[in-house]
Amino acid sequence: PTTLSNAQALCIPCNLSKSSKMTVPYQNHLPPGFTLRNWQEEFVNRFYFSALQQTEKPPAEIKAFILHAFPGCGKTLAQTLVARVLIEQNIIDQVIICVPSQILRTQMEKDASRIGLFLNMKRLEVLPHQHGIVTTYAQAGYTNPDDGRMINADRLRDICKSRRTMVIADEMHHLGEEGNWGEAFEAAFSQHAIVRLMTSGTPFRSDNQRLPWVRYQNRKIDLSPPHAYSYGYGVSEWNEKLCALNDRVVRDVIFHPWDGEVEFTIKRHENGELVDEQSYCHRISDNIDELYPDVVDPDTGEKIIDNFSLRNSIKSKRREAIIECGTERHPYGTNYVRDQLIAANETLKECRRAHFWASGLIICSIIPHANAVAKALKHWTGEDPVVIHSENGDGNRKINAFRENRTAARPKWIVSVGKISEGVDIKHLRVCVYLTKIQAPLRWTQILGRVLRVEDELDWDLQTAHFFQYEDGVENVTNEDGEISLRLTESGQER
């Protein structure tokens, strides 16, 4: 244990030599028969010594350790395990874990209990038999409508102040500095948390909002050691030794892109009145930036017509048109919807020959769209899916039932808008159909991660995932909802 009575006075070379040979005592907390993956063991050891350094600093000077682990690699086990070890070693007294959704709070509490870390997910208090709290960012950011006071942030700050506290921000990209969640998070924990861990499967924000406690380099999150650990789908500049695909921690994936012509109309309104209406027809793979360039004066080089807004409108409307379903024109979906649903269902049937409880996920745009897609799936394939959204009731129970049912009799497909995205762990998902216009890299990667989780009892070679999508690329300058964000050019103009 790191206590004064256990200290040793060492010269610098001996100190470095000893620290390089030390191992973190985590084995007693693992479930019986369970061993850590190589990346998890590396992270545990690296974070442990970073945590010791954090405790020596005033809270105002503490930067968080960043864990980036690709979706499905075992990030939840890794982060809860280090909290359990730090409590066991008397380095901290309690842990507070923040997650982005209710279903992840339940999942986190359940997974943490497997390693002996008991968390209160019902109230913002730590009972005598518990090690901490798991809460949502929304709960932490609750604001009193009468006086605007962040009641729960104040409560969490008092809890944090009362005992030595570690804070974990799961899926940290939700904590943009301009949002309520980020503001409440800093108010609750920045003054008193002595150990800080930020984790994510996609550790970036498309809108470039800064995150609390995070190191940046060239305006990007710094994932370089020793104060971060990155474990991506493939090798990267931050980890050239280990990656999820080579380690067979996640599945390989086959993309099934679709290309075809799409007809759509763009309407322009001023003061509530329609002033212009223009029809377009484009293939989904057409390069809109090249087809609608800005008009420049050939003599002066000055821009005469700026088509930036037009290009973005065309891209957005094209995506919206391709996934249309449940309308008078397309009651059972466009050609894209029809072709992808039929092809994906045939692929899932093939997967189930060896993986008989395998399932598929369809991500939709909005609630009416999800309901219409479910009817279209029934119409084209005969399959009756489970539909999950906020209006059909008890979504979390349905998700848990779908996840736990590993029989061939369970419905093959689950249709969702946003509830099955980041962090939701349904390992038997093998096929995904992308029916949303969102193209933000963060959201796209999180959705892809739903079908990449490995089932250990199956041969890895029999677990290839399939992703059906339209061939439209991924926008880089967007917010988390896939909408084009305003940017300032060097001349100060909004873009």
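Trainee: What should I know about the model and its numbering before we start?
Mentor: Residues are numbered from 1 along each chain as its sequence is written, and side-chain values use heavy atoms, with hydrogens and water left out. This is a predicted model, where local features need pLDDT of at least 70, side-chain atom pairs count only at pLDDT 80 or more, and totals for chains, interfaces and linings use all residues.

Trainee: In what order do the six strands of the open sheet run?
Mentor: Strands here are DSSP runs of E with at least two residues, helices are runs of H or I with at least four, and both are numbered from the N terminus. Two strands pair if DSSP finds at least two bridges between them. β10 (253–258) and β16 (386–388) each have a single partner strand, so they stand at the edges. With parallel pairing, the order is β10-β19-β18-β15-β17-β16.

Trainee: Which residue of β17 is the bridge partner of Gly360?
Mentor: β15 (residues 359–363) and β17 (residues 413–416) pair in the parallel sense over four bridges. In β17, the partner of Gly360 is Trp413.

Trainee: What angle does helix α10 make with β19?
Mentor: Helix α10 (residues 335–351) packs on the sheet, and contact means heavy atoms within 4.5 Å. The helix touches β10, β15, β17, β18 (429–434) and β19 (465–470). Axes are lines fitted to C-alpha atoms, for helices over the stretch in contact, and angles run from 0 to 180 degrees between N-to-C directions. For α10 and β19, that comes to about 175 degrees.

Trainee: Which residue takes a positive phi in the hairpin of β11 and β12?
Mentor: β11 (residues 261–270) and β12 (residues 273–283) run antiparallel and are joined by 10 bridges. Ile266 has Gln278 as its bridge partner in β12. There are two residues between the strands, and the one with a positive phi, near 55 degrees, is Asn271.

Trainee: Which helix gives the most to the lining of the largest pocket?
Mentor: On a 1 Å grid over the protein atoms alone, a pocket is an open set of points with protein on both sides within 12 Å along at least five of seven lines, and a cavity is a set where a 1.4 Å probe fits but cannot get out; lining residues have an atom within 4 Å of a point. The largest pocket has a volume of about 1300 Å³, where points are joined across faces, edges and corners and a volume is the space filled by probe spheres set on them. Of its 45 lining residues, the closest to the centre are Asp111, Arg114, Asp425, Lys427 and Arg453. With seven residues, the helix giving the most is α4.

Trainee: How much space lies in the largest cavity?
Mentor: The structure holds one cavity of 30 Å³ or more. Its lining includes Ser50, Arg215 and His227, and helix α2 (residues 38–55) gives the most, with three residues. The space is about 70 Å³.

Trainee: Is Thr445 buried or exposed?
Mentor: Thr445 is found in helix α13 (residues 441–449), and touches Phe70, Pro71 and Thr202, not counting residues up to four places away in sequence. Buried means under 20% relative accessible area, exposed over 50%, and partly exposed in between (1.4 Å probe, protein chains only). Thr445 has 15% relative accessibility, so it counts as buried.

Trainee: What is the relative accessible area of Trp181?
Mentor: Trp181 lies in helix α7 (residues 180–189). Leaving aside neighbours within four places in sequence, the contacts of Trp181 are Pro100, Tyr137, Ala138, His174 and Leu175. Trp181 is partly exposed, at 27%.
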